[in-house]
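Student: I have just opened this structure and would like to learn how to read it. Could you take me through a few features?

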Amino acid sequence: MLENDENKPPQPLGSGKPDIAALMETLINSQKDRDRRQEERDKERDKRDKERDKRDKERDKRQEDRDKRQEERDKRQEERDKEREERDKERDERDKERDERDKERDKRQEDRDKALNDKLSVLADSMKVVTDSVDNLRKNMQRTSQRHATPVSFSALMPIDEDPFASPTGGRTQRVSGLEAPLSTPIKLQKVAAKYDTAHYHGLGREYDSEGVRTSQLLERLGEGWLDAYNAVSDTDCTVIANSTRRFCRRCSYSDLGPENHRQTVVHELFRAIEARLMRQRTNGTAMLSWEDRHECPMSNGRKPDGILQARVYGLDTDWQSVVVSVELKSADHSHGDNHLRGQIFQNFLDMSEDQPRRYMLGLAVAGKCQARAYLCTPSGVVWSNIGLLQSAGDVTAEHKNFIRFIMVLYKMLPRDYGFLPLKECGVLDRFMLKDIPNCELPDTGSSSTTVKVSGRKAFGGRHAMLIGPQSWIYRAQIGGADGSTTSAIFKFIWHPKDGSEVAVHKKVQEMGIPYIPRLLHSATIAVRNQGQNSEEKLQGEILVIEDAGLSVYDFAFDVIRSGRSNRLIDIFAGYMHTLLAATSADEHIYVLHRDVSIGNLFVCNNQPVVIDWGCGMIAQRTVARTPSDIKFVGTAPFMGIRVLQKSPIRTIIDDLESLFLVLAHIVWNVYGTKDSNYQTLWGRASEMQDVADSRTLWLGSETELINRMDLRQDESVLIDLVKRLYKLLFPADIRIAESSEYFNQNSLLFTRTPN
């Protein structure tokens, strides 16, 4: 049955009975497929749910972060709002304080304006009192025209019959030897040369006299050790050096070296040979000095000396400060009448001492038939000596050896032996102690350890455009004490007559309690002897270390005028007047005249006036009479009063006040006036003092002429009023003394002006 069933052909669908098993299997398979697909869908759904949950968590976290950041922003905003409120509150407080300060400023300005008016009134009253005193003094002088105050003889430093405070602005009365001339006689004004030409050198060569001495005398004047060093040089060394330089003289005749370029070569090689010889001998001094040929290489001021022997100083370029000996060569003879060679030597000395105080200076000159001459310049005069012959072709003679011997001595000496102020190995003025200065007599032992550091090695003031007579150098410096502290100060060195003393005058005004005087920190005297002579030098040196004086009144005036504070000048000049008047009235027995009131001696420090440089000052008794001094010029020429310019022997406080008036006029004129021919005549370097006096007389003839010539703007009423008040004080209209009369030239206190 079964086989038959199997062999039966399949029945078509729809026919017969259905196949239950196949149907069930199909259903089961279908169900499995559905279950599988459902399971897959469930898995995908679970996966999507998980991802959704994950995204929800991340979203929740981001939301939390946003909420947290929002809270922080809200918190910062609250803090900013709070800070803004505090700033607004502070701003309101500042505005309130500013309003209060503005009110106080307005009140102070009102008080200043009121005080200024009061000061002008007081100044007018003071001027009236001084004017009355002047009138009484003038009447007294008319009764006793030849009686005048005499200098006090403090410690026998100032004789009664001589005025020792002569300034380098006067003129010599006779031509005598510089060593024998009375050094209290004023020295002729040395004008700064516009250019260094032949005329300038001729004039300078004729200006100063010199005296011939023996070589041994010149060496003795240089100090201890020079003459011994000269005698110690062996003839063997001189002969060896002479033979080594003979080949450079082949083109020269026996008696003359020919053109200057030939002798320039010989001198150059001679110095080089001596340096080489001493270096081989290991002489100590050879490393300290060096020779330079400068006839084609200019110095800092453009001048070309033929050669220099200089000190080797670390950090200092070749300049006149380090020169110890200058050398000049000329074909003309030493005795030639044009003085050109002497003028060059003297100009070298002026350049060497421009920024460097020297006790003496050396120069060499070779001229004519090889004649060598040494010049020695000291503050009291110039001496020279024939030191031998420059080597020429031919045999070596004793004169040739003498010249070589002298040059070898120059190398054997140290730089400190060449007259520099501090006794240091390098010599040059830089950093030193007061005890380093030779023959320095300090009043107390504490000052000996004081250290002075000069700023820039350059003098900013002083009078040193002279070879002979009183000279001074002023430096800004840092003063170091024994405890290591430093103080800004002014260092001043002076050569002046032994009968005078700026230290004494400065101490006197300090003792009198005169206001606006810088404190004298240290002082010393330098006893300089005339080397090789029994008599002492007619000059002595002084050192002053004073407090820093600040700005010059000229610089201060420009600052306050440009900033619209011109009224400050009234306080400053009232202080200057106070100082000058107090110096003449603080003591009932004596009085002090400054006698050099100029724009370079008036300073302002911390808005306070300062009067410096009492080197021309005079301490005078009120009751002792004397014959008027022959000294005609004391002070600074552009700021001398008319009576001083006209060589009147009478000096009073009015002359100092007139100089103060000229300082004010000079400042105002420079700021507001016109620098025309009138300005050049009154403030330029006129050659004749009488010309300046005549021009100034016309300028000050009336108040109208005074203002018109200065060409001032009328908006500066404060300065104009101050100028007018000082003018009325010094030049009252009721004085009717004829300008050309003998009485005016000798005894008048003021000069005549016409009323407006």
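**Reading the fold, step by step**

Tutor: Let us begin with contacts, meaning heavy atoms within 4.5 Å. Among contacts in the chain between residues at least 6 apart in sequence, 64% join residues at least 24 apart. Please keep in mind that this is a predicted model, where local features need pLDDT of at least 70, side-chain atom pairs count only at pLDDT 80 or more, and totals for chains, interfaces and linings use all residues. Residues are numbered from 1 along each chain as its sequence is written, and side-chain values use heavy atoms, with hydrogens and water left out.

Student: How many helices and strands are in the chain?

Tutor: Helices (H or I, at least four residues) and strands (E, at least two) are DSSP runs, numbered from the N terminus. The chain has 19 helices and 19 strands.

Student: What share of the residues counts as buried?

Tutor: Buried means under 20% relative accessible area, exposed over 50%, and partly exposed in between, with a 1.4 Å probe and protein chains only. Of the chain's 756 residues, 49% are buried. In helix 3 (residues 198-207), the buried residues are His 200, Tyr 201, His 202, Leu 204, Gly 205 and Glu 207. Their cover includes helix 8 (340-352).

Student: How do I describe two packed helices?

Tutor: Two packed helices are described by the angle between their axes and the distance between the axes. Axes are lines fitted to C-alpha atoms, for helices over the stretch in contact, and angles run from 0 to 180 degrees between N-to-C directions. Angles under 35 degrees count as roughly parallel, over 145 as roughly antiparallel, 65 to 115 as roughly perpendicular and the rest as oblique. Here, helix 16 (residues 689-699) and helix 17 (residues 703-710) pack at about 110°, with axes 8 Å apart. That makes helix 16 roughly perpendicular to helix 17.

Student: At what angle do helix 11 and helix 12 cross?

Tutor: The axes of helix 11 (residues 553-562) and helix 12 cross at roughly 155° and come within 10 Å. The two helices, helix 11 and helix 12, are therefore roughly antiparallel to each other.

Student: Is Arg 568 buried or exposed?

Tutor: Arg 568 counts as buried because its relative accessibility is 18%. Leaving aside neighbours within four places in sequence, Arg 568 is in contact with Phe 556, Val 560 and Asn 607.
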